[in-house]
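Here are my notes on the model, for your reading alongside the coordinates.

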Amino acid sequence: MIRLNQSIYSIGSCFSDMIAGRLSHYKWSVTANPFGTLYDPLSIERNIINSLSDQPISDALLGQREDVVFHYYYHSDLSALSLPVLSNMIEQAHEQTKSSIVEADCIVLTYGSAIVYKHKELGEFVANCHKVPQIEFEKKMLGLREVRTSIQNTIDCIRKDNPNARFIVTVSPVRHLKHGVEQNMLSKSILRLACEDIKSRNDNVTYFPSFEIMMDELRDYKYYKQDKVHPSEEAEDYIWDVFKSTMIAFSSII
């Protein structure tokens with residue numbers, strides 16, 4: 001899927017940052033998570049579509065906690081001490097996404113969770129709750145059809161501006177245990193089924209089994225960091241080696 005001197009756009013869970021970091025180390029041109037970490041399909045879809053269509057960002061989704069200004073569509077990486085600074089950061093993130101996607105040879109989409117949160121008062125699904133009290137949100141598990149439709153919308157939107165783009169979709173190996181073991185596995189299962197369906201319906205879409213590698217080949221807590229949620233450096237090295245050998249042409253040289 002990935003050849004030398006090609007450009008990559010990577011978005012989604014923090015696993016996408018790991019892959020992007022390794023690619024960047026070997027001098028690939030990589031843009032990774034301009035909006036910060038995004039976990040669910042709706043947030044990824046919304047930010048990509050808004051970027052490519054130059055949609056204005058709604059000020060209604062702005063919030064403030066203590067002295068920090070944030071926007072519910074983005075991770076806390078995009079926050080600031082003043083609205084003008086935050087607005088500039090958001091504008092740059094959208095511009096970077098648009099220019100990178102148009103030129104990208106490969107798009108990496110990493111989905112972390114099918115669980116989303118809707119702000120009750122604003123009536124919008126958010127990308128991040130920004131430590132606002134949980135009572136202000138309604139939690140929902142997206143269904144298979146909703147996830148599949150969101151991923152397909154994302155791919156279709158990108159193809160309008162970049163018809164030759166190739167896609168790698170994957171389910172993040174990072175565990176979302178704050179929802180409980182049962183909810184985490186259900187969420188991952190929905191994402192996995194949706195990705196499989198998307199792969200079967202689309203040319204130039206490949207699935208990379210990062211979640212399966214973590215669950216089935218590295219099935220021991222020694223492969224997790226101390227939080228028992230994120231893969232350890234050893235696990236990341238192992239998954240990277242598989243990614244390198246299966247997704248990268250001429251992988252023997254890196």
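The points below cover the sheet, its helices and the pockets.

1. This is a predicted model, in which local features need pLDDT of at least 70, side-chain atom pairs count only at pLDDT 80 or more, and totals for chains, interfaces and linings use all residues. Residues are numbered from 1 along each chain as its sequence is written, and side-chain values use heavy atoms, without hydrogens and water.

2. Five strands form an open sheet in the order S2-S1-S6-S10-S11, with parallel pairing. Strands are DSSP runs of E, at least two residues, and helices are runs of H or I, at least four, numbered from the N terminus. Pairing takes at least two DSSP bridges. S2 (29–32) and S11 (205–208) are the edge strands.

3. S1 (residues 7–12) and S6 (residues 106–111) run parallel, joined by five bridges. Isoleucine 11 is opposite leucine 109 in S6.

4. Helix H1 (residues 14–25) packs on the sheet, touching S1, S2, S6, S10 (166–171) and S11; contact means heavy atoms within 4.5 Å. The direction of H1 makes about 160° with that of S1. Angles run from 0 to 180 degrees between N-to-C directions, with axes fitted to C-alpha atoms, for helices over the stretch in contact. Helix H2 (residues 41–52) lies across S1 and S6, at about 145° to S6.

5. Which residues lie nearest the centre of the largest pocket? They are Tyr39, Tyr117, His176, Lys178 and His179, among 21 lining residues. A pocket is an open set of points on a 1 Å grid over the protein atoms alone, where a 1.4 Å probe fits, with protein on both sides within 12 Å along at least five of seven lines; lining residues have an atom within 4 Å of a point. Strand S7 (residues 115–119) gives the most to this lining, three residues.
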